[in-house]
Amino acid sequence: MHLGLDEPVRECQYNQICTRNSSPMETLSHKKKRTPRRKWQIFPGRNRFYCNGRVMMARQTGVFYLTLVLIMVTSGLFFAFDCPFLASNLTPAIPVIGGVLFLFVLGMLLRASFSDPGVLPRATPDEAADLERQMDAANGSSGPGYRPPPRIREVVINGQTVKLKYCFTCKIFRPPRASHCSLCDNCVERFDHHCPWVGNCVGKRNYRFFYLFILSLSFLTIFIFAFVITHVILRSNRSGFLNALKDSPARYPLTGREVVVCFFSVWSIVGLSGFHTYLISSNQTTNEDIKGSWSTKRAKNNYNPYSYGNVLTNCCAALCGPLHPSLIDRRGFIQPDTPQPLSHSNGSGLYPSTQNHTHMCDQEHCIQSTKFVLQAAATPLLHSDPVMMGRAGPPPSGKTSLGGPCSSLAPSQPSLPSSMPGLGCAGDMLTLRDPDAHCHHHHFVSPEEMPSPLGPSSLVLPFAAHGGHLNPAQLYDPASQDSLHEDSVRGLVKLSSV
Amino acid sequence: MATEFHNLQELRHSASLANKVFIQRDYSEGTTCRFQTKFPSELDSRIERTLFEDTVKTLNNYYAEAEKIGGQSYLEGCLACTTAYIIFLCMETRYEKVLKKIGRYIQEQNEKIYAPRGLLITDPIERGMRVIEISIYEDRASSGSSSGSSSTSGTSAR
């Protein structure tokens with residue numbers, strides 16, 4: 001059939017048999033005719049797809065499973081050991097409310113983790129060629145006055161000049177507020193941050209799920225914490241405090257650990273929820289807040305052009321706005337003659353060779369600097385932690401734009417595994433003050449990826465790094481140092497036992 | 001739609017893709033979806049300016065309607081939140097409904113206005129809402145009203 005030989009019929013049959021058994025190329029094309037491939041199978045980014053393209057996650061998902069386990073184990077212990085007592089002695093509404101909260105938390109977590117954050121598909125070859133032509137034309141034309149380099153376009157949005165940068169990987173000019181995630185190797189619309197705890201980027205399409213997840217998780221941890229304490233108090237009222245504690249490990253073996261887990265979770269998660277509530281009400285992304293894009297420190301008349309001016313409208317727009325559809329059509333079938341987007345990334349994590357040399361250097365620089373900072377900052381943690389107690393006013397320009405998340409998370413400084421959710425999300429906002437835009441999204445690398453020589457304490461590093469960045473003079477509070485020092489030591493001991 | 005595709009298939013050999021024009025996004029009003037209404041020079045000889053601008057303006061209006069933040073979107077959002085977003089398994093979002101309307105509008109425009117002039121508009125959703133891609137075909141057949149398809153025929157047949 002394919003070869004057009006003298007004995008077509010016999011050869012056809014022979015070829016058909018051969019196709020099924022041996023020749024890989026023909027087998028593939030034969031298979032293609034029978035089972036058309038779906039678009040997720042050739043997706044150029046570094047994502048993982050499950051359930052035939054219905055579920056989309058980042059490459060590193062280990063920390064996400066940790067989040068799931070922490071939530072389920074803590075809630076499970078609560079329902080198993082505390083709820084029977086509370087339901088019989090107080091009210092049966094407690095396990096019911098707890099159950100509803102728990103299911104909501106899980107639902108929001110799974111929704112945030114599994115959905116497309118708003119990935120922008122890469123340009124088709126025709127589009128890329130058209131853009132290149134336009135940029136070359138702009139390069140060649142001469143004219144007086146300031147003209148931004150052709151790889152940057154300037155747009156005036158609501159009176160503010162916004163620069164649109166050209167993404168070398170995706171071959172597009174990024175829309176405003178979009179950013180390229182280096183971990184997932186995708187441009188994401190309204191990029192907030194890459195969250196290892198959720199195992200996905202947080203962007204336009206899943207920000208509300210992420211926010212509702214941390215908000216409901218705050219309520220859940222406060223709920224569990226409060227009622228576990230109530231349980232201990234009620235029990236101690238009956239049989240004395242020491243007896244209650246003695247009973248606890250014997251009959252309810254893990255109440256103590258539950259309390260500790262919840263205590264640290266409460267502070268970090270509540271703090272993170274508070275931070276994101278601030279972001280939503282001012283209609284900023286974590287990325288913009290860290291870079292200080294709309295801070296008045298940058299320019300006197302700097303303001304956020306995307307804000308609706310009103311806290312309520314901003315909140316409603318973020319949470320109740322329209323749900324945008326996914327642009328990447330993961331489950332669509334590949335049409336054999338449609339143009340496929342350029343994919344320079346082979347998905348194995350190798351750096352695309354066609355990228356701009358400067359870009360590469362800056363990325364490498366970012367990686368090196370991140371590792372250096374994290375390693376260097378680890379040692380100060382063991383001695384003293386410059387801690388911000390409460391927000392120390394507007395963060396000074398340069399390094400302390402991390403002050404926002406830090407301040408709200410400060411009391412949870414010693415990091416136990418339970419506080420990971422808050423810790424990580426703040427930690428993954430650790431960016432370097434590198435002028436190149438491509439580095440801004442070089443966030444906290446999940447513990448599996450990061451070759452840390454410090455072992456268990458590597459989980460502590462993001463906070464240490466925060467500490468390293470913050471200006472000690474502003475933040476040192478001797479009264480809290482001792483207790484925090486003890487806590488941090490305890491935290492490290494706990495970590496090493498995990 | 002099937003008839004159109006059948007015709008396009010038959011006339012495939014009689015027209016060839018000459019060029020593609022990309023209408024870029026207009027971000028002057030923020031991140032909402034709008035396309036530039038600037039008339040590209042390549043279409044000068046092919047279509048009247050007003051027809052083109054009408055098409056783009058109508059598309060912009062559709063997208064604005066999809067992304068409008070108002071009573072209906074709040075209601076949908078709150079309802080979805082209270083049902084933990086399970087309701088979207090049964091119901092499609094307003095945005096998706098408007099996207100279907102846009103698909104039908106583009107197909108209608110292609111059939112009535114653009115195909116007779118040897119042009120074809122690709123639905124922006126197929127290009128990630130980055131551009132409106134207009135394919136320009138060179139008419140090889142003697143009759144004036146031919147429309148060809150090569151790489152973009154699959155999209156209208158979807």
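The pLDDT is the predictor's confidence in each residue, on a scale from 0 to 100, and a contact is taken as heavy atoms within 4.5 Å. The structure is a predicted model, in which local features need a pLDDT of at least 70 and side-chain atom pairs count only at pLDDT 80 or more, while totals for chains, interfaces and linings use all residues. Residues are numbered from 1 along each chain as its sequence is written, chains are lettered from A and ligands numbered from 1 in the order in which they are written, and side-chain values use heavy atoms, with hydrogens and water left out.

For the complex, the predictor gives an ipTM of 0.80 and a pTM of 0.68. Chain A has a mean pLDDT of 70, with 55% of its residues at 70 or more; over its residues 345-362 the pLDDT is below 50, and this stretch has 17 contacts in the model beyond near neighbours in sequence. The pLDDT also stays under 50 over residues 381-481 of chain A, for which the model has 225 contacts beyond four places in sequence. In chain B the mean pLDDT is 80, and 78% of the residues reach 70 or more, although the pLDDT is below 50 over residues 1-12, a stretch with 18 contacts beyond near neighbours in sequence.

The interface brings 40 residues of chain A into contact with 33 residues of chain B. About 3000 Å² is buried between the two chains, 64% of it on carbon and sulfur atoms, where buried area is the accessible area (1.4 Å probe) that two parts lose on being put together, summed over both. Of the area that chain A buries against chain B, 18% is supplied by Glu127(A), Cys320(A) and Pro322(A), more than by any other three residues. Two salt bridges are found across this interface, a salt bridge being a side-chain nitrogen of Lys or Arg within 4 Å of a carboxyl oxygen of Asp or Glu. The side chains of Lys20(B) and Asp126(A) meet in a salt bridge with an N to O distance of 2.8 Å.

Over all chains the structure holds 16 salt bridges. Within chain A, Arg177(A) is paired with Glu288(A) in a salt bridge whose closest N and O atoms are 3.0 Å apart. This pair links distant parts of the chain, 111 residues apart, with Arg177(A) in the loop between β6 (172-173) and β7 (179-181) and Glu288(A) in helix α9 (residues 286-291); helices (H or I, at least four residues) and strands (E, at least two) are DSSP runs, numbered from the N terminus.

Helix packing was described with axes, which are lines fitted to C-alpha atoms, for helices over the stretch in contact, with angles running from 0 to 180 degrees between N-to-C directions. In chain A, the axes of helix α3 (residues 62-89) and helix α4 (residues 93-114) come within 10 Å and cross at roughly 175 degrees, so that α3(A) and α4(A) are roughly antiparallel to each other; angles under 35 degrees count as roughly parallel, over 145 as roughly antiparallel, 65 to 115 as roughly perpendicular and the rest as oblique. The residues of this contact divide into 17 nonpolar, five polar and no charged, with Ala, Val, Leu, Ile, Met, Phe, Trp, Tyr, Cys and Pro counted as nonpolar, Asp, Glu, Lys and Arg as charged, and the others, Gly among them, as polar.
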